[in-house]
Amino acid sequence: MLLRLFHRYASTSTAARPTHFTFPQRIERSPTTVLESLNSCVQTDGGNPAYMFMDDPFLIPTSAYEKRQLALSKASGKKAARWIIDRYPYAFFYDVAVPSIPSYFPTYTFDEKEFIEPDESTLYKLMNWNKVTKAHEVYKKCLEYKIDVSDACKYALFDLLCIYNSENPLDALLPEEDWYRRELNEKNQSNLMSRTWKENGLAEQMFEELKLSATPEQKVRLYNSFVSGLLKYNHIEKAMTIIEEMKQATIPIDLTTYNYLIRSASLIKESYDQRWQFVVDTLKEMKENSIQPNLRTFNSVLYTLRRCSVYEQGPKLALAVLNEMRQCGIEPSLGSWAHVIMIFYPGDQIGFETQMLPQIMDELEKVPQLEWKDSDDGEFFFNAMFKATTNCRDIDLAKRIHRFLMAGSNTRFIPDGFREQLYYTNLFRLLFRVDMPEKVMPLWESVVPNVYSPSMNVMEDLIEFVSTWNIQDYYVRLWSDLLMLGFIDSRQTNRRILDRYLTLLIQTNQGKPSTEQIKQYANIARQILKRFPLEPEEVEQRFGSTTDAPAQQQQEMTDGQQEQQQQQQSNQLRPKLQYDGHLLSNLICLLAPADDWEASWSLYEHYLSNRSTLINALNEQSLMSLLSLANRKNAIDSALDIIETINELQYECLGDALDLLNRNGNLTNRSRQHLMTIQKKSKVESAHHVKLV
Amino acid sequence: MNILLKQNLPRYICQQQCYLSTSPIVHSWFVKLTNVTQVNTEAAVPKHTRKRNYPLTYEQRQFPKLIGHTKTWNTFNTSNLRDGKRKAEIVSDDLFLRQFIYGTWHSLFVSELIIKRRHNMVILSGLVTRSIHPRRMYFLIGYTEEILSALLKTPVKMEIQTVENKEDVIFTYW
C-alpha cells in the first residue's frame, strides 16, 4: 500500500507538467456521422441474405433465379401499393411527419385546370417535376398568348430538352429493380453507339427559335447545350456542323462540350491515329482558350484510347495522360483506372508483362476511402477481375482485388447484379483451375449462396475441382448445395450437371468407399427417384388415344377414365425428367452397392419395358453391379434375366457375368442348363472361354 | 374471478369450497348486471369447452393476469414513459395496423402482430404460415410496407418468421 502511494507520487512529480492547456478544436460532424462510423465496423459477410430479403429459411433465396424473382416480386408489391395510393389519394393526406416526407404522399399529378394559365411559374414547376414535354407545350401557349417568359426560364427549358433528348426523364427505378436494371432495360443492351437523337424534335425547334433572338452570351449557352445534347445522343454529323458554325461565329466552346467531344472522338474519326490526333487538337484548343480540364476530360480521353482496341501507342499515351492528370492536380478516379486496365490488356494474350494491374492495386490501396467521382467508376472491379483472371491468371492478384473489394464499403462500386455475377464467375473459374482446396473452399463458403449464386459453368468447374482434388467429405454436401442452388430440376440445361455429379459419385464407389458413404450415395439416388418419378411410357399412349376418340365415345367415358385423364394432366404439369439409359445406369450403380434390391430392380424393369423409347442402353458397369447384388440376394431367376440382357446388348462383360453366377453355390440344375444355353447362343467371344459346371 | 376458499377443517370432514366472486362487473356500483353469461365471463380467459378441443397458442394460454409476470405486451413503444408523446395516436395506429394486417394477409398470421417502434420507424413482426409461395409473400411484404408507410408517414418494416402450419403454434386444447 505504501509502495503504491510512493509510485503514484513519483509518477506525477517526474512527469513534465504542461504549462498551458489548449482546448481541442470542434470537429464538425454531419447528422449521420455516428451511423457512418457504425457502418464502417460492419463488413459484408456471406452469412446472411441481402437486406431486402427476410431472414427466414423459407424466404431466403439461394439460386440466382430465385433472387431475381423475389426481389422483383417485392418491387411489384411496392408498385401495386403506389397504384392504390394514386387511385385513392384523399386517404393519404393526413401528415404527422415534421418535416414532411414527399415520397409517402400520392405522386403529384397535374390537372389541366390548374395549369391552364401559361405562366412562368408554371413552367418552373413543370420543369422541377420532370415534365419537360409538358413544359414545352405550356411554353408554346405562352408564345401564343404573347405572355412574357424570362430568358432564364427559356434557356433552362432548352437545356433540359437537350439533356433529355426532348423526352421526359425516366422515373428512377426502385432499388430492387435497379439491381437488375441491365436485364430490365433493354435499351442498355443495344449498341451504346447508336444514334438516338430525335431529328426535328422539340429541342431542335426551340434551338431555331432561340437562335434568332439570342444575345452573344446567350448564344454561347445555347450552342454549347445543343452540341452537348447532340453528342450525348450520338448525332455526330449535325454536331460537327454546329461546331463549324460556332467556330465561324467565334462562339467559345465550354468544358462540358469539350468533354463530350473527346468522348465521341471514336465516332468522329475512323482510324486510331486520326482519333488521337483529334483528341490532341481538341486539348490544344482547350489550352488556347484557357479552359482547365477536369476529371471528366481525362476520363473521356482514356475512354477514347480504350475504344482504339489494339493500338501500339495506347499504353504509352495512357501513361502520359495519367502524368498530365497528376500535374493538373486531379487524382485519377476508379473510372480512369478501369480504362487504363482495358488499354493495357486489350486482348486475352497481350499485356501480361506490363504488370500494370499490380501497380494499379498498389496505388489504390494507398487511398484511404474511395469515392464515386465519375460515372465510369462502376466498371473498375469488373474490368480488374476480368483481366486478372483471363489475362494475367494470377491468383494472388485476384485475391488482392477481392480483398480490396471487401475492405470498407467498396462493394457499392459494383453497381448492378450482372456485373457482380460476372466478377465472381471470373474469380472462381480462375481459382478452381489453379488453386488448392484449403484456400478456395473458405472463400467459396463465405460468398455462396448469399452474395453470389453461381451459374452452371462455375458449378461444372467446381465439380471438376472437387473430383481432381478428391475432397470426398464434400461430395454429399455438394448434393445439397446443388439442390439449394437450383441445379437439380428437369430442365435439359441442368442435365449435364446431374450426370457429371453422378459419374463423380460412381468413380468414388469404384474405389474403396466406406459403408457410410455408400449409404449416403444410395440416399441421393433415392432422392432423385422421388423427385422425378419414373413415368411408364404406356400411360402416355393411352392418354394420346383418348383425345383422338370421337365425340360419341367421349360421352360414354367412365368416371374412372376421366379421373385418369385429370391425373395425367396434373402429371404433365409437374416437371418431368427425361430418363435415359445413362441416368438409369448411374442410379443402379449407386443403389446396388447399398443392397437396395427393390429400387435397383424396378429401375431395371423400367428399362426393359421402355427399351424402345429410352435413348441409351444400360451400361456394363450397372449391369454387373446389379448382377452382383442379385447374386448376393440369391435371386437366381433375376440374375439369369440380367445375363440374358447382357447377352442381347453383346457386352464384353458376359464372360465375367457367367463366371460370377457360376460360382454361386445355390444354382439348381435347370439354371445351370440355362446358363449353358446362353453361353452357346452368345456371340461374344470371351463368354465361350468360361468353364461352366 | 372465482376464489376457492379452503376451510381449515381436517381432511376427513369434507372440504367445502366457497365460491366468492370477485368479478368487477358484479361488484360495480355503476353497471348492474345479473345474467349469468355476462357476469361470469372475463376478457381473454376462455372457459373449458365440453370436448376440450378449443386450440390455444402459448400466448393465449397465458391469461391477461400474467401480463408483466410471464407475458409481455404486443406493442413496444415509449409513449407511456415520462414525457412520452402521442399516446393516443400510437394506440389508434396499433389498432389500425392489426386490422390491416389481419385483412391483407388472409389467414396467414398465426400469432399476434408484434409492433415495435424505434425512433420514427414501426417494425411489424409475427409468425406466418408457409401456405403461399415466397413470391406472393414478398409481394405482400412490399405492398404492406409501402402502403403503411404512406398512411402513417413513418418508415414501416416487416420482419416475419415462417412456421410450417397452424398446428405448430397450438399449445393446448382448452
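## Where chain B meets chain A

How many salt bridges are there between chain B and chain A? The count is 1 salt bridge, and the partners are Glu146(B) and Arg82(A), whose closest N and O atoms are 3.5 Å apart. Please keep in mind as you read that this is a predicted model. Across the same interface of chain B and chain A, 6 residue pairs are in polar contact. On the side of chain B that touches chain A, helix 5 (134-152) and strand 7 (156-163) of chain B each supply at least two residues. Helix 5 of chain B gives the largest share, with 15 residues. Sorted by class, this side of chain B has 14 nonpolar, 5 polar and 8 charged residues.

In terms of contacts, 27 residues of chain B touch 28 residues of chain A. The area buried between the two chains is about 2,500 Å², and carbon and sulfur atoms give 69% of that area. In chain B, the residues that lose the most area to chain A are Tyr138(B), Glu146(B) and Lys153(B), which together account for 32% of what that side buries.

## Backbone points to check

Some backbone angles are worth a look on screen. Most residues other than glycine have a negative phi, and most peptide bonds are trans. Lys153(B) has a positive phi of about 60° although it is not a glycine. You will find Lys153(B) in the loop between helix 5 and strand 7 of chain B, and with a relative accessibility of 2% Lys153(B) counts as buried. Arg86(B), also not a glycine, has a positive phi near 60°. Arg86(B) sits in the loop between strand 4 (75-76) and helix 4 (87-104) of chain B, and Arg86(B) is partly exposed at a relative accessible area of 38%.

Chain A has cis peptide bonds to look at as well. One runs from Val98(A) to Pro99(A), with omega near -5°, and Pro99(A) is in the loop between helix 3 (64-87) and helix 4 (120-128) of chain A. Another joins Val448(A) and Pro449(A), with omega about 0°. Pro449(A) belongs to the loop between helix 23 (437-447) and helix 24 (456-469) of chain A.

## Salt bridges in chain A

Over all chains, the count comes to 26 salt bridges. One of them pairs Glu177(A) with Lys79(A), at 2.7 Å from N to O. This pair links distant parts of the chain, with Glu177(A) in helix 7 (residues 175-178) and Lys79(A) in helix 3 of chain A, 98 residues apart. Glu177(A) counts as buried at 9% relative accessibility, whereas Lys79(A) counts as partly exposed at 46%.

Arg477(A) and Glu445(A) form another salt bridge, at 3.1 Å from N to O. Here too the pair links distant parts of the chain: Arg477(A) is in helix 25 (residues 474-484) and Glu445(A) in helix 23 of chain A, 32 residues apart. Arg477(A) is partly exposed, with a relative accessible area of 40%, and Glu445(A) is partly exposed at 33%. A salt bridge also joins the side chains of Arg26(A) and Glu28(A), at 3.3 Å from N to O; Arg26(A) and Glu28(A) are exposed. Finally, Glu208(A), Lys211(A) and Glu245(A) are linked in a network of salt bridges.

## Cysteines and a covered helix

How many disulfides are there over all chains? The count is 0. Take Cys142(A): the closest cysteine sulfur, in Cys153(A), is 7.9 Å from its own sulfur, so the two are too far apart for a bond. Cys142(A) is buried, with a relative accessible area of 0%.

Cys589(A) counts as buried too, at 5% relative accessibility. Cys589(A) is one of the buried residues of helix 31 of chain A, which also include Gly581(A), Ser585(A) and Asn586(A). Helix 31 (residues 581-591) is mostly covered, with 10 of its 11 residues buried. What covers those buried residues includes helix 26 (495-510), helix 27 (515-531), helix 32 (597-609) and helix 33 (620-633) of chain A.

Notes. Residues are numbered from 1 along each chain as its sequence is written. Chains are lettered from A and ligands numbered from 1 in the order in which they are written. This is a predicted model: local features need pLDDT of at least 70, side-chain atom pairs count only at pLDDT 80 or more; totals for chains, interfaces and linings use all residues. Side-chain values use heavy atoms; hydrogens and water are left out. Contact means heavy atoms within 4.5 Å. Buried area is the accessible area (1.4 Å probe) that two parts lose on being put together, summed over both. A salt bridge is a side-chain nitrogen of Lys or Arg within 4 Å of a carboxyl oxygen of Asp or Glu. A polar contact is a pair of N or O atoms within 3.5 Å; within protein, one must be able to donate a hydrogen and the other to accept it, and residues adjacent in sequence count only if both atoms are side-chain atoms. Helices (H or I, at least four residues) and strands (E, at least two) are DSSP runs, numbered from the N terminus. Ala, Val, Leu, Ile, Met, Phe, Trp, Tyr, Cys and Pro count as nonpolar, Asp, Glu, Lys and Arg as charged, and the others, Gly among them, as polar. Buried means under 20% relative accessible area, exposed over 50%, partly exposed in between (1.4 Å probe, protein chains only). A disulfide is a pair of cysteine sulfur atoms within 2.5 Å.
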